[in-house]
Amino acid sequence: MPPSDNIYSGRSGKLWRYAVFNLVLLALFAAWYYYQNRPVKLAEPQLANGKLECVSYAPYYQQGKSPFVPLTLITHDQIKHDLSLLSQRFQCVRIYSVDQGLDYVPEAASELGLKVLLGAWVGLNPL
């Protein structure tokens, strides 16, 4: 067999090795990608008394109400209504402010048997 017909020599040999290398590299990447994106089973929530542990509470779901609008005021009735719904599924609520009427949350929560965790909103506004 003449040396020019051998696929393992010369330019065709380099091209063949380059193609095999790329195919192996592609297979390794595909295996890694599959491993990283395989479905996993979600953890079951820890229930105590049939309720989840805690939920963040931000009552700014009505039109025009926002924590960024200084004149926003959340009424006691809205807080009572919201917390009565949340008390059916959660043991505690977390709030991040006591402005805009949210200072009533601990009182309303205690009436419903909810615990309150008070967090702090850390923002860029130096007040």
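Residues are numbered from 1 along each chain as its sequence is written, and side-chain values use heavy atoms, with hydrogens and water left out. Because the model is predicted, local features need pLDDT of at least 70 and side-chain atom pairs count only at pLDDT 80 or more, while totals for chains, interfaces and linings use all residues.

**View 1. The sheet has three strands in the order β1-β2-β3.** This open sheet has parallel pairing; strands pair if DSSP finds at least two bridges between them. Strands (E, at least two residues) and helices (H or I, at least four) are DSSP runs, numbered from the N terminus. β1 and β3 stand at the edges with a single partner strand each, so one side of each has no neighbour in the sheet. On average, neighbouring strands are turned by 25 degrees against each other, direction ignored. Look at β1 and β2 (residues 90–95): they pair in the parallel sense over four bridges. In this pairing, S56 has R94 in β2 as its bridge partner.

**View 2. Helices α2 and α3 pack against each other.** α2 (residues 76–86) and α3 (residues 105–112) pack at an angle of about 40 degrees, with their axes 10 Å apart. That makes α2 oblique to α3 (under 35 degrees is roughly parallel, over 145 roughly antiparallel, 65 to 115 roughly perpendicular, and the rest oblique). Axes are lines fitted to C-alpha atoms, for helices over the stretch in contact, and angles run from 0 to 180 degrees between N-to-C directions. On the α2 side you'll find I79, K80, L83 and S84, which meet V105, A108, A109 and L112 in α3. Sorted by class, the contact has six nonpolar, one polar and one charged residues (Ala, Val, Leu, Ile, Met, Phe, Trp, Tyr, Cys and Pro count as nonpolar, Asp, Glu, Lys and Arg as charged, and the others, Gly among them, as polar).

**View 3. G119 sits in the segment after β3 (115–118)****.** G119 counts as buried, at 19% relative accessibility (buried is under 20% relative accessible area, exposed over 50%, partly exposed in between, with a 1.4 Å probe and protein chains only). Not counting residues up to four places away in sequence, G119 touches I95 and Y96; contact means heavy atoms within 4.5 Å. The C-alpha atoms of G119 and V98 are separated by 9.7 Å, and the two residues are 21 residues apart along the chain.

**View 4. S66 is in the loop between β1 (52–56) and α2****.** S66 is buried too, with a relative accessible area of 19%. Leaving aside neighbours within four places in sequence, S66 is in contact with Y60, T72 and Q100.
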